[in-house]
Amino acid sequence: MPAKDYVIVTGWMNAYLTKKKKPTKKGPQTMSEDRRPITEDEMIGLFEFYLRKWCEEHDGEDTVVITNSVGKNIFKATLLDKEDEKEG
């Protein structure tokens with residue numbers, strides 16, 4: 001299936017990559033059985049990608065502040081190593 005057919009869904013102790021389900025009249029959408037937990041390495045790698053991209057787009061900034069829906073600071077992430085090591 002194409003990537004557009006999958007979403008990230010959070011559960012009690014994990015985040016999952018799961019197939020989108022079509023809405024039903026029964027009520028809230030439940031998670032598809034076609035799913036897998038997202039590993040810690042995948043989450044950290046994705047966040048590192050986001051942080052590097054954010055810093056590049058904001059002309060030399062090295063820190064991003066993450067806030068909640070009411071603007072309260074949740075955490076700050078600072079890019080300490082600006083050299084993006086390429087594998088291979």
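This is a predicted model: local features need pLDDT of at least 70, side-chain atom pairs count only at pLDDT 80 or more; totals for chains, interfaces and linings use all residues.
Visitor: What percentage of the residues of the chain count as buried?
Guide: Buried means under 20% relative accessible area. The chain has 88 residues, and the share that counts as buried is 14%.

Visitor: Among contacts between residues at least 6 apart in sequence, what percentage join residues at least 24 apart?
Guide: Contact here means heavy atoms within 4.5 Å. Among contacts between residues at least 6 apart in sequence, the share that joins residues at least 24 apart is 17%.

Visitor: How many residues join β1 to β2 in the hairpin?
Guide: β2 covers residues 15–19, and β1 pairs with it in the antiparallel sense over 5 bridges. The hairpin that joins β1 to β2 runs through 4 residues.

Visitor: Which residue in β2 is the bridge partner of T10?
Guide: Start with another pair across these strands: V7 stands opposite T18 in β2. For T10, the bridge partner in β2 is A15.

Visitor: Is P37 exposed, partly exposed or buried?
Guide: P37 is found in strand β3. Leaving aside neighbours within four places in sequence, P37 is in contact with A15, Y16 and E42. Exposed needs over 50% and buried needs under 20%. P37 has 44% relative accessibility, so P37 counts as partly exposed.

Visitor: How far apart in space are P37 and V9, C-alpha to C-alpha?
Guide: In sequence, P37 and V9 are 28 residues apart. In space, C-alpha to C-alpha, the distance is 9.4 Å.

Visitor: What distance separates the C-alpha atoms of E40 and N14?
Guide: E40 is found in helix α1. E40 is exposed, with a relative accessible area of 60%. Along the chain, E40 and N14 are 26 residues apart. Their C-alpha atoms are separated by 9.6 Å.

Visitor: Is D59 buried or exposed?
Guide: The cut-off for exposed is over 50% relative accessible area. D59 has 73% relative accessibility, so D59 counts as exposed.

Visitor: Which residue in β5 is the bridge partner of I66?
Guide: β4 and β5 pair in the antiparallel sense over 5 bridges. T63 stands opposite T78 in β5. For I66, the bridge partner in β5 is F75.

Visitor: Which residue takes a positive phi in the hairpin of β4 and β5?
Guide: This hairpin has 5 residues between the strands. The phi in question is near 85 degrees, and the residue is G71.

Visitor: Leaving aside neighbours within four places in sequence, which residues are in contact with K72?
Guide: K72 lies in the loop between β4 (63–67) and β5 (73–78). At 57% relative accessibility, K72 counts as exposed. With neighbours within four places left aside, K72 is in contact with I66 and T67.

Visitor: What is the volume of the largest pocket, and which lining residues are the closest to its centre?
Guide: The volume of the largest pocket is about 220 Å³. Its lining has 10 residues. The closest to the centre are R52, K53, C55, E56 and L79.

Visitor: How many residues of the lining of the largest pocket are charged?
Guide: The lining divides by residue type. It has 3 nonpolar residues and 1 polar residue. The number of charged residues is 6.

Note on methods:
Residues are numbered from 1 along each chain as its sequence is written. Side-chain values use heavy atoms; hydrogens and water are left out. Two strands pair if DSSP finds at least two bridges between them. Helices (H or I, at least four residues) and strands (E, at least two) are DSSP runs, numbered from the N terminus. On a 1 Å grid over the protein atoms alone, a cavity is a set of points where a 1.4 Å probe fits but cannot get out, and a pocket is an open set with protein on both sides within 12 Å along at least five of seven lines; lining residues have an atom within 4 Å of a point. Grid points are joined across faces, edges and corners, and a volume is the space filled by probe spheres set on the points. Ala, Val, Leu, Ile, Met, Phe, Trp, Tyr, Cys and Pro count as nonpolar, Asp, Glu, Lys and Arg as charged, and the others, Gly among them, as polar. Buried means under 20% relative accessible area, exposed over 50%, partly exposed in between (1.4 Å probe, protein chains only).
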